[in-house]
Amino acid sequence: MTEPREIAADVREVVEGLYYWQIHNSNIGGAISSSHAVVTSGGCVFVDPVRLSDEALGQLPKPSAVVLNARTHQRAAWRYRRECGAEVWMPQDAPEGDEEPDHRYAEGDVLPGDLVAVRTPGPEWPHYSLLRQGTPGVLICSDLVSHEGGGELLFIPPEYHDDPTETRRSVRRLLDLRFDVLCFDHGPPIVRDPKRSLRRLLETTG
């Protein structure tokens, strides 16, 4: 997938060890594309990264790994492999990307950043969310739902999903996971009672 031309000017800390940035991505009609960094004693991991400005990139440790929730979120992954030496992780059963990843992963694997791969089909079968266990628990949700700032959650439009009914099932299954912070590939994180927002989405959309 073509790397977006937009560059994020700043990066924000969500909770300790978790950072967020976004662009209005012209590749998808100007909608928000969001990215995250998870920083642990083992290094810095970028998740589905769009490009950061040099100044913003300098606010984070050099990334040692890039984890992609899905093939469709390659974004600036290959740039950060070339420029920073970050190893790229992609779902095991995802189609071939623009470049060959360094590693493939499957459901239940523990990835760099202590992120656990949770299969969440609907957008496509090789589609994952990432769970950071602990306190606070963090779930990075990919293309199931979007969050346009202060508004309610929305399902990603069904025309972009292989199986919208399965997407809904995946969102319902998220409620069984333990997390306190919910992050999105399209919109800013929710740090207060994110499960309430997910339940409201399911209730109000029938």
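The legends below describe views of a predicted model.

**View 1. Overall fold of the predicted protein.** The protein contains four helices and 14 strands (DSSP runs, numbered from the N terminus: H or I of at least four residues for helices, E of at least two for strands). Its C-alpha trace spans about 45 × 35 × 35 Å along the principal axes.

**View 2. The largest pocket.** The volume of this pocket is about 660 Å³. A pocket is an open set of points on a 1 Å grid over the protein atoms alone, where a 1.4 Å probe fits, with protein on both sides within 12 Å along at least five of seven lines. Of the 25 lining residues, Ile28, His73, Asp143, Tyr160 and His186 are the closest to the centre (lining: an atom within 4 Å of a point).

**View 3. Lining of the largest pocket.** Strand β3 (31-40) and strand β13 (153-155) each supply at least two lining residues, and β3 gives the largest share, three residues. By class, the lining holds 11 nonpolar, 10 polar and four charged residues.

**View 4. Burial in the protein.** Of the 206 residues, 55% count as buried (under 20% relative accessible area, 1.4 Å probe, protein chains only).

Residues are numbered from 1 along each chain as its sequence is written. Local features need pLDDT of at least 70, side-chain atom pairs count only at pLDDT 80 or more, totals for chains, interfaces and linings use all residues, and side-chain values use heavy atoms, with hydrogens and water left out.

Terms used:
Grid points are joined across faces, edges and corners, and a volume is the space filled by probe spheres set on the points. Ala, Val, Leu, Ile, Met, Phe, Trp, Tyr, Cys and Pro count as nonpolar, Asp, Glu, Lys and Arg as charged, and the others, Gly among them, as polar. Buried means under 20% relative accessible area, exposed over 50%, partly exposed in between (1.4 Å probe, protein chains only).
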